[in-house]
Amino acid sequence: GLTVFAPYSDMAKLQGAEDAFNGLSMTFFSHKPMESASEMETMIKDAGITSGYSLFNAAESLVQNRNILLVIDTFTYGFVVLISLITIANVFNTVSTSIQLRRREFAMLRSMGLSNKGFYRMMNFECIIYGLKALMYGLPAAAAITYLIYRAVLNGVDVAFTLPWGSIALSVFSVFFVVFVTMLY
C-alpha cells in the first residue's frame, strides 16, 4: 500500500483522494495522548461519521501492556518468594534435625578432646559440604531448564543464549547464607 504523510492543513486538498488511495490514514503525535484521543472521538461523532474508521491509541495500548506486565511480575515474584520461603524452611528443618539426631556423636567427640574451635570448624565444613552438594545438583538442573526456556523463546525471537550470571551468583550466596544461618541456630 501507499502511505502519504501530510499536515492537517492540507486536508482540503486531499478530500476525495481517499478513493484513489483506497482509504486515508492519519497519524497524530501528542503530549497528552489520552485527551487527544478522546477529543478526536468526539470530533468524529460530531461530524456524523459512524462507520469506516478506526481510532487506535498507541499510548493506551502501551499502558495496557505495562499493566499486564505488572500483574505478571507481581505473581512471578510472589511465587518465587513463596518457593524460597518453603525451601528455607526445608533446609532449616533438615539441618536442625540432623544436628539433633547426632547429639550423642557430638558429645562423644567433645569427651575425646574436641575443642569448641574445632567443633565450630567441623560444623562450618559440614555447611560447605551441604551447600556444595545442593549446588552440584541445582546449578546443572537450572542451566538445563534455562536452555529449554531459551529454545522455546527462540521460536519467536532470535536471541543468543546467555546464562543469568547475576541470578546464579545470588543463588549461590543465598544457599550458603541459609545453610550457615541454620547451622548458627
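This is a predicted model: local features need pLDDT of at least 70, side-chain atom pairs count only at pLDDT 80 or more; totals for chains, interfaces and linings use all residues.

Biologist: What makes helix 4 oblique to helix 6?

Modeller: Roughly antiparallel needs an angle over 145 degrees, and roughly perpendicular covers 65 to 115. The crossing is at roughly 140 degrees, so helix 4 counts as oblique to helix 6. The hand of that crossing is right-handed.

Biologist: Which residues meet there?

Modeller: From helix 4 you have Val95, Ser98 and Ile99, and they meet Met123, Glu126 and Tyr130 in helix 6.

Biologist: Now helix 4 and helix 7. Why is helix 4 called oblique to helix 7?

Modeller: The axes of helix 4 (residues 58-101) and helix 7 come within 9 Å and cross at roughly 40 degrees. Roughly parallel would take an angle under 35 degrees, so helix 4 ends up oblique to helix 7. Helix 4 passes helix 7 in a right-handed crossing.

Biologist: What makes the contact between them?

Modeller: Helix 4 brings Ile88, Val91, Phe92, Val95, Ser96 and Ile99. Helix 7 answers with Val178, Val179, Thr182 and Met183.

Biologist: Pick Thr182, in helix 7. How do you know whether Thr182 is buried or exposed?

Modeller: Buried means under 20% relative accessible area. Thr182 has 7% relative accessibility, so Thr182 counts as buried. Leaving out residues up to four places away in sequence, Thr182 touches Val91, Phe92, Val95 and Ser96.

Biologist: On to helix 5 and helix 6. What makes helix 5 oblique to helix 6?

Modeller: They pack at an angle of about 140 degrees, with their axes 10 Å apart. Roughly antiparallel takes over 145 degrees, so helix 5 is oblique to helix 6. Their crossing is right-handed. Phe106, Leu109 and Arg110 of helix 5 make the contact with Asn116, Phe119, Met122 and Met123 of helix 6.

Biologist: Time for rings. How many aromatic pairs does the structure hold?

Modeller: The structure holds six aromatic pairs. One of them is Phe106 with Phe119.

Biologist: Why is the pair of Phe106 and Phe119 called edge-to-face?

Modeller: Their ring centres are 5.2 Å apart, with 85 degrees between the planes. Phe106 lies in helix 5 (residues 103-111) and Phe119 in helix 6 (residues 116-154), so the pair ties together parts that are 13 residues apart in sequence. Phe106 and Phe119 are buried.

Biologist: What makes Tyr147 and Phe161 an edge-to-face pair?

Modeller: Their centres are 5.3 Å apart and their planes are at 80 degrees. That angle is over 60, so the pair is edge-to-face. Tyr147 lies in helix 6 and Phe161 in the loop between helix 6 and helix 7 (165-184), so the pair ties together parts that are 14 residues apart in sequence.

Biologist: How do you know that Tyr147 and Phe161 are partly exposed?

Modeller: Tyr147 has a relative accessible area of 38%, and Phe161 comes in at 32%. Buried would need under 20% and exposed over 50%, so partly exposed is the label for Tyr147 and Phe161.

Biologist: Which residues form an aromatic cluster with Phe119?

Modeller: Phe106 and Tyr120 form one aromatic cluster with Phe119.

Biologist: And what makes you say that the charged end of Arg110 sits over the ring of Phe119?

Modeller: The distance to the ring centre is 4.3 Å. The cut-off is within 6 Å, along with a limit of 35 degrees from the ring normal, and Arg110 is listed as sitting over the ring of Phe119.

How values were computed. Residues are numbered from 1 along each chain as its sequence is written. Side-chain values use heavy atoms; hydrogens and water are left out. Rings of Phe, Tyr and Trp (its six-membered ring) pair if their centres lie within 6.5 Å; planes under 30 degrees apart count as stacked, over 60 as edge-to-face and the rest as tilted. Helices (H or I, at least four residues) and strands (E, at least two) are DSSP runs, numbered from the N terminus. Buried means under 20% relative accessible area, exposed over 50%, partly exposed in between (1.4 Å probe, protein chains only). Axes are lines fitted to C-alpha atoms, for helices over the stretch in contact, and angles run from 0 to 180 degrees between N-to-C directions. A crossing is left-handed if the near helix is turned anticlockwise from the far one by less than a right angle, and right-handed if clockwise. Contact means heavy atoms within 4.5 Å.
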